[in-house]
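Trainee: Could you help me learn to read salt bridges and burial in a model like this?

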Amino acid sequence: MKDDLNIVGKRVVRSDSLAKVTGQARYTADLKFPNMLVAKVLRSPYPHAKIVRIDLKRALKVPGVKAAISGFDGYGIKWGVFRYTQDHAMLHTDKVRYIGEDVAAVAAVDEETAMEALSYIKVDYEPLPAVYDPIESMKDGAPQIHSEYKNNINIHIHIDVGEVDRAMGKAFLVREDTFKAAGEAYAMMEPYAVVASYVNGYLDLWMPNAGPHVRAKALSNMLKLPLNKVRIRHINSGGAFGGRSEVAPGDLVASLLSIKAGRPVKLVLSREENATSSRQVHDMIATVKTGMKKDGTIVAKDFKVIYDGGAYSSTGPIATSIPFYVYEECYRFPNVRYNGYRVFTNKGIRGMYGCHGRAFLAGNEAQMDIMAKQLGMDPVEVRLKNGLRSGEMTATKSKITSCGLKETIIAASEKTNFKKRWAKPSRLKGVGMGCVAIMCGFPMGFRSGSSCYVKINDDGQVTIVTGLVDNGQGNESMVIQVASEVLGVPMGDINLVNADTEVTNLDPGAYSQAAAFVGANAVRVACENARKRIVAIASEKLGVKEAEIGLKDGLAYSIKKPDKKMPISWVVREAFFRGEPIVATGSFFPNIDFEREWVSRPWGQMAGTFSFGTSVAEVNIDSETGKITMPRFTSAHDCGRAINPMAVEGQMEGSIQQAGVAAITEGNLWDKGHLLNPDLLEYKVPLACDMPDMDTIIISSRDPAGPFGAKEGGLTVRMNAYSAVACAVANATGELFSELPLTPDRVMNILERKKGVK
Amino acid sequence: MVLPEFEYKKANSIAEAVALYKGYKGKAKYLAGGTDLVPLVKLRLSAPKAVIDLKGIKELKTISRGDGWLSIGANVTLFDLKNDPAIKGYFPALYESLDATSCETLQMRGTIGGNILQDTRCLEYNQSLQWRTARGFCFKMGGKTCNVVQGAKACFANYCSDNAPALITLSAQAKLAGPKGARTVKLENLFTGDGKKPLALEEGEMLVQIQIPLKKTKGAYEKLRIRDSMDYPLVGVAVSVAGTKARACIGGVGLVPRVYDLKNVNDAAVREAAEKAYAEAKPVANATLTPAYRKKMVGVLLKRAFNKALQEGK
Amino acid sequence: MKTMKVTFQVNSDKVTLQVKPYETLLETLRERLALTGAKEACGMGSCGACTVVVDGIPMRSCLVLTPEVNGAVITTVEGLKQDDRLHPLQEAFMEKGAVQCGFCTSGMIMTAKALLDRNKKPTKKEIITTISSNICRCTGYKKIVEAVEAAAKRT
């Protein structure tokens with residue numbers, strides 16, 4: 001792999017940061033258009049009820065109200081990512097299924113008028129029995145939330161590899177534990193907002209989103225508009241974390257209102273609405289049974305995981321699978337069975353999250369430590385023994401092409417003196433280790449690949465056009481950096497046009513960790529194709545062989561005699577004179593097995609490559625209060641190559657906050673179907689004073705297919721940080737936890753259980 | 001989130017404020033820092049016809065010493081008060097409670113008066129109108145029963161001032177002014193135990209001054225919270241010791257801060273107070289941690305606060 | 001409903017407006033003055049994304065009524081640039097990688113600015129205490145603390 005790089009691998013200032021530090025970056029709620037209306041949504045006060053009648057007449061009479069809609073104004077088309085999950089009409093006409101569900105909406109000249117009008121909408125409901133707990137929901141006789149799904153089982157993922165029962169029977173050590181975890185709030189700082197503008201038969205939309213193309217498709221279906229008439233536009237996004245991947249009810253609401261009123265409509269959710277009515281994270285119960293040989297080799301795993309799926313399918317099959325896959329992509333399981341059930345309840349819509357599956361992953365890791373200890377091993381040894389290596393296949397037949405797992409385990413443990421400290425924890429001080437692997441992109445049908453169009457402008461500046469999306473993690477800056485490296489043009493001379501469905505090609509978006517491995521790869525290929533054209537002309541003009549031409553700082557030059565050079569702008573002008581301007585396309589389609597299907601055929605190559613990582617948490621527990629403090633947190637991450645190490649560190653540090661410290665603070669609290677903490681006061685996003693000192697270690701494995709060797713950067717830490725914390729608590733207390741987050745009351749219970757206090 | 005309609009009036013004297021209040025026939029609210037009031041109005045838990053801004057009243061902004069008292073104007077911000085050298089030197093419990101209140105930015109806006117006169121809090125109460133409508137109005141909102149303790153015809157919301165318990169341990173008194181004139185009450189007598197009206201203020205009465213006997217104390221404030229900034233107390237325990245006498249006060253659990261006087265501070269007396277405080281604390285499931293745990297922490301933090309207060313005094 | 005006349009200075013401009021008495025400063029800045037740098041993330045004073053500096057004090061503008069700032073001098077993130085030069089905090093936030101999604105950034109910078117204005121050389125602990133008034137969901141705060149430290153050295 002080429003290592004003499006000019007800009008890739010450097011700590012560059014992100015291209016989007018100037019606008020953000022000056023307050024000029026525009027987010028959806030900042031948009032204002034002439035004649036724009038403000039929308040408000042009437043929401044269900046019932047967890048489960050039949051809709052008998054919705055009367056909008058009085059609301060429409062309020063002066064200043066320009067449109068009012070309910071599900072009866074749409075086509076009732078139900079959206080779902082898969083054919084077998086099409087159950088979400090966004091505005092339903094038959095029933096409501098959770099408190100806060102969108103029922104009707106108005107658009108008015110201002111917010112106060114819209115709010116007044118909402119109070120005049122009359123909805124007749126017939127309340128139905130509701131169910132909030134997935135175990136109850138699966139029982140015979142429980143209220144049916146969707147008639148199509150028996151026992152409210154939305155998705156059942158069944159994976160069975162090898163002979164689990166036989167291997168378990170022969171294992172030296174077998175252990176089974178059950179772990180629960182509360183669902184979390186995404187708590188992205190920007191509450192959901194959408195602007196819809198229907199003009200001349202075209203519907204333009206702005207909203208924070210991770211996948212504009214799939215959203216445009218969903219809206220075109222639901223609104224019965226041709227796909228080319230629905231255009232999702234680029235806008236800054238104030239965070240997504242997996243919660244803005246799919247079409248949202250607000251998108252349909254704003255669109256219908258704009259179509260009806262013939263004016264632009266802006267809908268901005270309140271913080272509470274963002275928490276109750278956009279997306280939430282799954283609560284879960286994971287039962288983990290593990291069989292080990294005497295030498296610590298895992299011979300069998302048997303999993304049963306129940307996901308509280310809320311009222312609709314959402315990304316159901318994917319959400320039910322991912323925790324399993326990120327684990328089997330990390331460790332060798334010769335025999336493994338996974339039964340994942342996603343169960344409907346009368347709670348909000350649940351989606352994917354950056355640290356989705358914490359009960360399952362933290363449970364597995366902590367159980368492994370306890371078993372290792374029984375066998376006289378430590379967490380480092382057992383992980384090195386069972387960890388996958390480059391060239392190996394996962395249990396479900398994905399090939400690992402580059403793997404720095406071992407290096408991350410060693411780096412993180414050496415940096416923290418882990419082995420010694422784990423073996424002899426001082427009183428209520430513990431260390432814990434979490435490992436995981438992450439797929440860089442996963443099967444999304446024909447949306448799995450990305451393509452890029454690049455043109456070199458007459459002044460030598462560059463425009464790149466790609467469907468890639470940035471939700472704040474720095475993807476835009478990353479592809480500009482890649483283009484700058486390939487074309488030898490400074491980042492400041494490169495314009496990016498992205499995430500606009502009209503001008504960009506299909507792209508997975510900021511979803512499935514595809515941006516670096518897939519999106520940036522397409523940009524690299526397109527720029528390499530443009531580079532060939534530049535080099536050909538420069539070679540001719542400078543009288544230097546093509547192989548000896550370098551591009552740097554906007555100049556084409558002879559590598560052997562650097563004073564032989566010319567500005568790239570001259571090359572471009574020459575190309576214009578020849579009637580062949582320098583434009584190029586490039587695409588990248590990852591090596592994925594497209595026969596793979598989440599439910600019916602859960603095997604085959606999952607992703608083009610996998611990233612790896614190890615986190616080590618250090619915790620101190622207050623023996624009297626159970627409060628955990630975290631003096632230090634260390635994460636080592638194989639991200640292939642860090643395109644911008646500063647950005648990768650930022651992702652890792654943010655992950656330590658959102659998954660690591662969150663493991664002791666964050667969880668949604670419920671009273672039946674009522675979310676008790678739909679705010680930023682009682683939902684505990686960690687603050688600066690709650691953060692540990694953080695060490696981030698970047699390990700380069702140089703993926704053979706990744707752009708400059710790069711893979712996904714950061715999510716690995718998000719998926720292993722809570723395991724590290726949970727394992728550290730187990731190390732400090734000598735007891736296994738049963739429930740996350742590890743709030744002080746739960747920690748006290750662990751301490752008392754150990755002491756035998758009633 | 002937009003506010004409902006109300007008028008804004010600014011008063012330059014206490015008399016003017018009270019006169020304005022009378023003009024609105026009890027439908028007005030006094031406004032100081034607004035960090036408690038504005039969220040309540042946004043949630044439609046308070047619906048004033050007018051707010052009367054007290055920040056123009058000069059005498060509410062001063063800290064003065066005289067006749068053996070430290071007198072703190074109700075509009076002194078928590079941040080300014082914390083940084084007054086007298087506080088750290090004389091009243092460590094109060095210093096620590098101020099430092100533990102919310103976050104620095106809100107300490108700079110919030111006032112000591114507003115902090116003391118804050119409404120009680122509950123996970124099922126501090127919610128939007130839509131949320132509460134879906135849930136059904138509770139006792140405190142004018143409904144029939146509590147939403148947390150099923151069937152109870154009472155309120156179990158928590159009084160979450162960090163500073164009132166500290167001030168109570170310092171035997172502070174509150175100087176009040178209102179349509180019926182001025183009066184001074186012991187701070188611990190400001191609480192009614194009635195969830196619908198937790199503070200014993202007369203119609204139109206405002207807090208003018210907090211007065212603390214100016215003598216050196218040892219003390220500490222222990223606060224149970226999830227995050228080390230921004231959070232309200234899940235339990236707050238203040239302890240002040242003067243000579244052999246001591247006082248502890250428990251906040252964050254229930255409507256009324258509970259006071260424990262110790263005639264002679266020694267290990268046995270502290271243990272006894274801790275046991276009593278533990279036994280008398282009746283938290284319910286209306287805050288982020290379990291009631292059993294919060295109850296336990298009342299005793300634990302009381303002992304801890306005493307240890308800290310007495311150790312730091314040495 | 002009667003409106004009220006309010007006059008204040010915002011950044012370099014003196015403005016006089018007729019506002020609703022129950023209008024928040026955040027609404028006035030965003031809706032009337034098109035200063036959209038301050039963000040509404042919670043609307044309840046729990047996050048700090050709407051922080052602006054009023055007479056030297058950092059304030060959650062979602063909790064301030066516009067009539068309350070009559071006669072005040074207000075600085076928003078849009079007013080930090082001086083003579084086309086970025087404020088040291090703005091430079092440092094960029095250089096240290098303290099910005100990710102950017103939604104908390106304006107409030108974070110304004111909170112830090114008020115700190116540096118009253119305390120030229122804050123310790124790391126003081127910086128952490130101050131910015132613990134604001135929620136950031138993306139960064140883990142480390143690079144924000146580093147940026148404020150770097151800016152303090154430059155001012």
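Mentor: Gladly! Let's begin with burial: buried means under 20% relative accessible area, exposed over 50%, and partly exposed in between (1.4 Å probe, protein chains only). This is a predicted model, where local features need pLDDT of at least 70, side-chain atom pairs count only at pLDDT 80 or more, and totals for chains, interfaces and linings use all residues. Side-chain values use heavy atoms, with hydrogens and water left out.

Trainee: Is B:Lys55 buried or exposed?

Mentor: B:Lys55 counts as buried because its relative accessibility is 19%. B:Asp53 is buried too, at 0%.

Trainee: Which residue forms a salt bridge with B:Lys55?

Mentor: A salt bridge is a side-chain nitrogen of Lys or Arg within 4 Å of a carboxyl oxygen of Asp or Glu. Here B:Asp53 is the partner, with the closest N and O atoms 3.1 Å apart. Over all chains, the count comes to 85 salt bridges.

Trainee: Where do A:Glu273 and A:Arg43 lie?

Mentor: Helices (H or I, at least four residues) and strands (E, at least two) are DSSP runs, numbered from the N terminus. A:Glu273 and A:Arg43 form a salt bridge, with closest N and O atoms 2.8 Å apart. A:Glu273 sits in helix α8 of chain A and A:Arg43 in strand β1 of chain A, 230 residues apart. Both A:Glu273 and A:Arg43 are buried.

Trainee: Which residues are linked in a network of salt bridges?

Mentor: That network joins A:Arg53, A:Asp55, A:Lys57, A:Lys122 and A:Asp124.

Definitions and conventions:
Residues are numbered from 1 along each chain as its sequence is written. Chains are lettered from A and ligands numbered from 1 in the order in which they are written.
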